[in-house]
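Q: How do I read strands, pairing and crossovers in a model like this? Please take me through some cases.

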Amino acid sequence: MTVTLVPSLPVLPAPTGPDPLGVLGVPGQINLDHAASAPCARAAADAVAELLPWYASVHRGAGALSRRCTLAYERARQTVGDFLGARPGDHVIFTRNTTDAINLLARALPAGTTVVTFAGEHHANLLPWPRGSVRLPVPDSPGAAVRALDAALAELSRDARPGLPVLVAVTGASNVTGERWPVAELARVARRHGARILVDAAQLAPHAPVDLAALDVDYLALSGHKLYAPFGAGVLVGRGDWLDAAPPYLAGGGATSHVGAATHEVRWATGPARHEAGTPNLLGAVALAAVCAALADADRDALHAREQALLARLRDGIAALPHVVELRTFGPAAPRVGIVSFVVAGWDSADVAARLAAEHRIGVRDGLFCAHPLARRLLSEAAARSGRDDLPPTALRASLGLGTTRFDVDALLTALAALR
């Protein structure tokens, strides 16, 4: 199905053919769970359908099918790299998802690297890092995040082990609240202290342009399944020196340039192949590249304006419901993408989600969203801010994206209003 436009919202230019950014869906079902897994974009579905008759091995095959698939795979790498602003010397490594990409980088860190994160991260950006990592408290504003990182890196520079690498790992947009983090400012602080920086762009990239060179960040990770390409591919993009110096993330075929008679006589490949052992996910890479190309050709400003109008409608509607409390880390006016988490006083969040699905055909997420430390903190703060003692221990999350309409938002608000 194509994107449904509402007259009162910013109108996108009419496509000349089938809309590549139209999303597939089931009529009558309202999907407000894009932050978990976004629906499939027409561009991704069409790219996969076109390639399927040619599907064959990637790399080292002499047949016409294999050569075409190899070309499609490497073109996908180039397209994704261009979309994300990859620089000369950067590697574009296909992974399964963001979690896989961050684990890959964690395995590639030089010995003695200190990783600095904030406690507000998704588990994928908390759990993979080595012991001794620095976890900063959740800040109450973007400015506080910048100041906290500056102070932490200054303290590390006075540590008894000067000269050892430091990596800052931060989200681009929270998967709990949708709030955008000051990535460019954090990158400038990291650069000033000689540290590198990784951005978890899983939630940011579907909603806003992300460019490594423009942001001056060293590494970026994202998932295809959150970027309207649900075919099991993610990507790690960034500086090649640490990646080429590290042992392969997976040992196996494709990651080697030579294997001797004794299996310890191995020369590992350099470049992306070093960490892409085994048969690659060709269809996932091609689907992800197709969506990247479609987004690169789209009017991102118009897409952003339309989403922000829907987001404002949703947040204003929630604010008008006395029994519904929104979660937030920063102030209410902080920039954010189309994600809102909230609780319904007196109602278990799992029961609300089940009722929305069964009675209204609305899909939302409930729980702690794989960000347990942050979600629990925000639930406690929401109780204190609202003065209520009947808020549940888990939350609900509605997330918007391509294909979301004003009707979808209003249907959710109407259903929440009926919960008394």
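Q: In which sense do E5 and strand E6 pair, and over how many bridges?
A: Strands of a sheet pair through backbone hydrogen bonds, either parallel or antiparallel. In this predicted model, E5 and E6 (residues 196–200) pair in the parallel sense, over five bridges. Thr171 stands opposite Asp200 in E6.

Q: Through which helix does the chain cross from E5 to E6?
A: The chain crosses through helix H5 (residues 183–192). This β-α-β crossover is right-handed.

Q: In which sense do strand E3 and E5 pair?
A: In the parallel sense: E3 (residues 114–118) and E5 share three bridges. Take Val115: its bridge partner in E5 is Leu167.

Q: Are the residues of E5 buried or exposed?
A: Buried here means under 20% relative accessible area. E5 (residues 166–171) has six of its six residues buried. Both faces are covered. Val166, Val168 and Val170 lie on one side, with Leu167, Ala169 and Thr171 on the other.

Q: What is the strand order in the open sheet of four strands?
A: The order is E11-E12-E15-E14, with antiparallel pairing. E11 (324–326) and E14 (365–367) stand at the edges with a single partner strand each, so one side of each lacks a neighbour in the sheet. Neighbouring strands are turned by 30 degrees against each other on average, direction ignored.

Q: Over how many bridges do E12 and E15 pair?
A: Over four, linking E12 (residues 339–344) with E15 (residues 395–399) in the antiparallel sense. Phe342 has Leu396 in E15 as its bridge partner.

Q: Which strands of the sheet does helix H10 touch?
A: H10 (residues 349–360) packs on the sheet and touches E12, E14 and E15. Its direction makes about 40 degrees with that of E15.

Key:
Residues numbered from 1 in each chain as written. Predicted model: local features only at pLDDT ≥ 70, side-chain atom pairs only at ≥ 80, totals over all residues. Heavy atoms only, no water. Pairing = 2+ DSSP bridges. Helix = DSSP H or I, 4+ residues; strand = E, 2+ residues; numbered from the N terminus. Axes fitted to C-alpha atoms, helices over the stretch in contact; angles between N-to-C directions. Contact = heavy atoms within 4.5 Å. Buried < 20%, exposed > 50% of the residue type's maximum accessible area, 1.4 Å probe, protein only. Right-handed = clockwise from strand over helix to strand, strands pointing away.
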